[in-house]
Each structure stands twice: as C-alpha cells, then as structure tokens.
Protein chains: 2
Amino acid sequence: MRIAFQGEAGAYSEMAAVALFGDGAEPVPCSSFEAVFEVVEAGDCERGVVPIENSLAGSVYRNYDLLLRHNLYLVAEYNLRISHNLIAAPGVLLEDVRRVYSHPQALAQCERSLADLSNVEIIPSYDTAGAVKIIRDVGFRDAAAIASRRAAELYEMHVLQADFEDIAGNYTRFVVLNQEQIESHGESKTSLAFAGINKPGLLFRSLGVFAQRDIDLTKIESRPQKGKPWEYIFYLDFAGNLAEERCARAIDHLREIATLLRVFGSYPRAAEEWS
Amino acid sequence: MRIAFQGEAGAYSEMAAVALFGDGAEPVPCSSFEAVFEVVEAGDCERGVVPIENSLAGSVYRNYDLLLRHNLYLVAEYNLRISHNLIAAPGVLLEDVRRVYSHPQALAQCERSLADLSNVEIIPSYDTAGAVKIIRDVGFRDAAAIASRRAAELYEMHVLQADFEDIAGNYTRFVVLNQEQIESHGESKTSLAFAGINKPGLLFRSLGVFAQRDIDLTKIESRPQKGKPWEYIFYLDFAGNLAEERCARAIDHLREIATLLRVFGSYPRAAEEWS
C-alpha cells in the first residue's frame with residue numbers, strides 16, 4: 001500500500017505512516033501538504049498521512065483548509081511523540097561538533113540543550129530529516145543535525161544524544177486520508193467542520209445537539225473566516241461513530257443550525273493520548 | 001514608553017508595537033517570547049507585544065502557556081496584516097538575485113512567487129528581519145530577503161517586489177501585556193482560560209453561562225493537557241467588559257463549573273477584523 005506524506009524520508013510524518021501501516025507499506029514523500037491530498041484524490045497513493053495538531057504549536061490550519069477543499073475522508077488517527085535526537089556521522093564525538101543543522105522549530109525546541117554545547121554554530125535548514133541527509137552526503141565530520149531516530153537509521157548515522165528537546169511531552173496528532181469512508185468498530189471518534197453566523201448563542205446551540213445526547217466532545221476550535229468577519233468555522237471532534245443512531249441524529253440536528261457542515265468521517269480512537 | 005517584542009528590529013511584532021503605541025514608543029527587541037514576559041514582569045519594559053493567533057498557522061500555544069505561567073494582563077489587541085516583500089540592496093535588480101533568504105514560514109508562504117524567479121537558491125534563516133540585516137551587513141549584490149516593508153526601511157534596503165506572498169489575507173493577532181489591568185471603554189473583548197474534567201456536557205454547561213446572558217463568544221479553543229489526558233484547557237474570548245455586571249456574573253458562574261479559571265483582562269476590541 002502506498003502512503004503519501006509531506007517531507008523527506010525520515011520525516012516525523014513518515015514515522016507516523018510506518019507506525020500506522022507497518023513496514024510492509026510504502027511511504028511516498030511529497031513536496032507539500034497539497035501534493036499529499038492530490039495524490040490520494042487521484043488514486044496514485046492509497047492513503048495520505050498529515051499532521052493536524054501539535055501539543056506545543058497548535059492546530060495545523062493549513063491541513064484543515066485542505067480538508068475543506070478536497071473530497072477525502074479521515075479513516076484513522078495517530079498520536080506520535082516527537083522526540084529529537086542529536087545526530088552525526090559514525091565516529092564523530094560530541095566535542096567534534098561545531099555546527100548544528102535543523103528546522104528552526106526543532107532548533108527552538110532544543111534551545112537549552114544547544115546552549116550546553118560550547119562553541120557551536122546553529123544553522124537553520126528546511127527539514128529535520130533533510131539536515132541529516134546533507135551532513136551524510138557532504139561527509140561533514142564537525143557537524144550534527146537534530147532529527148528523528150528514524151532519520152539517523154535511514155541515513156546510517158549515529159545518535160550522539162537522544163531526547164535532546166528541552167520540554168518533553170511534544171506530541172503531534174496525525175490523521176489518515178482516504179478516498180472513501182471505512183467502517184470502524186470499538187471506541188471511535190468523528191471529525192467535522194461547520195460554519196455559522198456568529199450571533200450570541202450559536203455555538204451554545206450547536207454544542208447542545210451533542211450535550212443533549214450525552215456525546216463527549218474531544219476537540220472544539222473556532223476560526224474567523226477570511227473575507228467573512230462575522231462568520232466562523234468550527235472544527236469539532238466527538239467520541240462516537242456515525243453508525244450509532246444518537247450520533248447520526250446529532251449531525252442531522254446540527255445541520256438545522258449550521259450554514260455549512262462537512263463530516264470528515266468516523267475512525268478508531270488512538271490508544272495513546274497526549275499524556 | 002518601552003515596549004518589549006520578540007525578534008530583531010523590523011520584525012512583524014515590532015510593526016504591531018509601533019502601530020499600537022506610535023513612533024514615540026521605544027520598541028525593545030528580546031531573544032524569546034519568555035524574555036518578553038520576563039522584562040514586563042520585572043518592570044524593565046512598560047508593555048510587551050506578542051502574537052497570539054495567526055489566520056493561516058493557528059493559535060500560538062507557546063504564548064498561551066506563558067500567559068498561564070506569568071502574572072500579567074492583556075490590555076490591548078491588534079490585527080496586523082502580514083505582507084511579505086522581496087528586499088535587496090539599492091540598485092540590485094530582480095534578475096541579479098541568485099539567492100533568497102528568509103524564515104522557512106515566510107519562504108513557504110511565498111512558494112509560488114519564488115518558483116517564478118528562475119535559477120534562484122532558497123536559503124532558510126532564523127528571522128525575516130534578520131535576513132535583511134545579513135544581506136545589508138555582508139553587502140550581497142546577488143541576494144534578496146523576504147521580510148516586512150519596515151525591515152527594508154530600517155536597514156535602508158530596497159523593495160524589489162511588494163505583496164510577494166501567494167495567499168493574501170494573512171493576519172496575525174497580537175496582544176499587549178501589562179503588569180496591571182487597564183480600564184477600557186467602548187466595544188471591549190475579554191480573554192480567559194479555564195480547565196475542567198472532560199465529561200460529556202462540561203463545555204456545553206460552561207458556554208451556557210455566556211449564552212444565558214446573551215454574551216457573544218469571539219474565540220473558543222480546547223486543548224488537551226499534557227499529563228492529564230482527561231482534563232482540557234479552554235481558551236475563550238467574549239465580546240464584553242468585566243466592568244459590565246452581566247459579564248462579571250458570567251465569570252462567577254463559570255467559576256462554579258471550572259476546576260481552574262484565569263481571567264487575562266478586558267481591552268478595547270481591535271477595529272480591523274480578519275477580513
């Protein structure tokens with residue numbers, strides 16, 4: 001099965017793809033999130049894996065926008081713990097390192113660890129896994145990169161220091177894109193987006209359709225719409241499956257209140273929570 | 001008045017500070033968001049300006065975390081339109097440009113415009129304004145940076161192309177930090193955070209305290225708490241002022257429901273919406 005993801009081989013998105021689909025699947029690198037949606041829609045890849053939310057950085061609005069613009073469904077989710085490693089060529093020692101390459105977000109998450117290394121220059125690069133690849137390709141013996149353990153393994157490089165991030169508990173929630181809905185059983189979650197005119201009580205009435213049916217919400221987020229200052233989009237996840245009658249009825253009820261409603265589908269709830 | 005902001009001179013945060021406080025104020029660059037909170041708390045700066053939400057990238061969770069950890073109040077907000085410019089030394093022409101420097105997020109927002117330039121290398125850097133400074137300091141005549149118009153003016157550089165971003169309508173909402181609350185009049189907004197155990201209906205009951213008093217919500221966002229998988233933090237803004245009795249009563253009512261409540265203060269509502 002071909003699984004599209006954004007980034008280079010060794011990217012965190014690829015780790016999520018492998019965790020979800022096993023080593024038998026073939027992860028397919030794409031240059032942008034848009035490309036991931038497009039290859040799944042075109043049928044060139046069977047599934048796509050994109051990040052939707054990070055425990056430090058917040059929701060990935062870009063992928064919510066793409067969900068609204070494309071005609072795909074969510075069929076799974078996965079919470080990946082983002083753990084950064086300081087990576088160099090085999091034989092290179094910590095005291096040899098004079099330059100550290102990585103994506104600025106990763107560099108920022110390792111600020112204190114980097115400050116502990118003396119006499120080191122910090123060099124931002126496009127991509128965490130890409131930084132490892134550069135060091136390998138050029139053959140640097142005085143440089144390191146910050147990236148995933150998978151990137152180290154893939155490029156046959158050495159982890160100088162694991163858990164290099166300053167704050168533990170950095171999780172990214174990934175979702176799996178598919179052309180069609182897939183029936184799921186057991187504990188489920190359902191994701192949807194709806195829009196409405198922001199008058200007092202809109203959100204209260206909208207949430208009422210779930211509260212009245214004892215349906216537990218696991219995410220709610222409001223977002224002003226560009227060009228429509230008084231109209232909001234809400235992103236909502238709830239615990240439950242569209243196959244359950246109370247959930248189907250809640251959706252029907254919500255349709256009476258919202259001006260727009262897109263249901264992205266039901267899928268098995270990830271075992272690991274952000275914790 | 002000294003206004004702390006994160007970044008180099010010419011950063012978008014500095015533009016927000018100047019738009020809010022005029023040219024008479026003294027913007028004070030800080031190396032991190034944390035440093036902004038610290039200098040305001042210590043009284044070294046009278047105010048701090050930090051981004052809290054972007055129309056493409058979402059909420060800046062890092063600054064919400066810092067709001068919860070520090071004892072400061074919100075006293076103003078400002079919506080800044082983020083408009084990117086391609087900037088080079090005076091006399092340098094578009095066809096001379098062989099390298100473009102900027103922060104990866106700005107580079108990503110200008111992807112299509114960059115693709116239109118032929119034979120150009122893209123080089124990520126830490127900071128948009130910092131990229132302009134480097135080109136000026138080194139005296140590059142074959143490089144350009146993507147940054148604000150203010151950065152171009154400050155470093156006496158030339159705007160080769162304005163509105164360089166692919167998608168217009170990129171807004172960042174900034175808030176102003178202060179040691180104390182400031183009484184505000186006219187149309188106001190109030191920001192708060194609260195936490196509670198995620199059982200069905202918690203959010204519905206919480207929002208009920210506002211709906212019952214016809215108070216209009218302008219933002220709601222839920223966020224799982226690290227280490228407490230069943231406890232959520234909610235960030236909420238409403239249209240209204242703590243000086244109004246119905247608002248004060250809504251807050252009292254919310255205190256009965258929430259396990260934690262922090263009110264960050266009331267402030268004048270920004271004239272310009274994301275639109």
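I began with contacts (two residues touch if their C-beta atoms, placed from the backbone, lie within 7 Å). In chain A, residues 24 or more positions apart account for 73% of the contacts with a separation of 6 or more.

**Ground rules.** I noted that this is a predicted model, where local features need pLDDT of at least 70, side-chain atom pairs count only at pLDDT 80 or more, and totals for chains, interfaces and linings use all residues. Residues are numbered from 1 along each chain as its sequence is written, while chains are lettered from A and ligands numbered from 1 in the order in which they are written.

**Confidence.** I looked up pLDDT, the predictor's confidence in each residue, from 0 to 100. Chain A has a mean of 90, and 95% of its residues reach 70 or more. I also wrote down ipTM 0.70 and pTM 0.80 for the model.

**Overall layout.** I found nine helices and 15 strands in chain A. Both are DSSP runs numbered from the N terminus (helices: H or I, at least four residues; strands: E, at least two). The C-alpha trace of chain A spans about 65 × 40 × 35 Å along its principal axes.

**Domains.** The bounds come from an automatic or database domain assignment. I listed domain 1 (2-81 + 170-178), domain 2 (85-161) and domain 3 (188-268) of chain A. The centres of domain 1 and domain 2 of chain A, taken over C-alpha atoms, are separated by 25 Å. To their contact, domain 1 of chain A gives nine residues and domain 2 of chain A gives 13 residues.

**Burial.** I call a residue buried if 20 or more other C-beta atoms lie within 10 Å of its own, exposed if 12 or fewer, and partly exposed in between; C-beta atoms are placed from the backbone. Of the 275 residues in chain A, 49% are buried.

**Strand 3.** I checked residues 47-54 of chain A, and eight of the eight are buried. I then looked for partners (two strands pair if DSSP finds at least two bridges between them).

- Strand 1 (residues 2-6) of chain A runs parallel to strand 3 of chain A, with three bridges. F5(A) faces V49(A) there.
- Strand 11 (residues 171-178) of chain A runs antiparallel to strand 3 of chain A, with six bridges. V50(A) stands opposite V175(A).
- Strand 4 (residues 58-59) of chain A is also antiparallel to strand 3 of chain A, with two bridges. N54(A) stands opposite G58(A).

**The five-strand sheet.** Next I traced an open sheet in chain A, with order 8-7-9-6-10 and mixed pairing. Strand 8 (121-124) and strand 10 (158-161) of chain A are at the edges with a single partner strand each, so one side of each has no neighbour in the sheet. On average, neighbouring strands of this sheet are turned by 35 degrees against each other, direction ignored. Strand 7 (residues 99-102) and strand 8 of chain A pair in parallel over four bridges, and V100(A) stands opposite I122(A).

I then followed helix 6 (residues 128-138) of chain A, which lies across strand 6 (85-88), strand 7 and strand 9 (143-147) of chain A. The helix runs at about 155 degrees to strand 9 of chain A. Axes here are lines fitted to C-alpha atoms, for helices over the stretch in contact, and angles run from 0 to 180 degrees between N-to-C directions.

**Core.** Which residues have the most contacts inside the largest nonpolar core? I87(A), V132(A), I87(B) and V132(B) do, in a core of 167 residues. Such a core is a set of buried Ala, Val, Leu, Ile, Met, Phe, Trp, Tyr and Cys residues joined through C-beta atoms within 7 Å. Leaving out residues up to four places away in sequence, I saw that V132(B) touches several residues, including I87(B), Y155(B) and M157(B).
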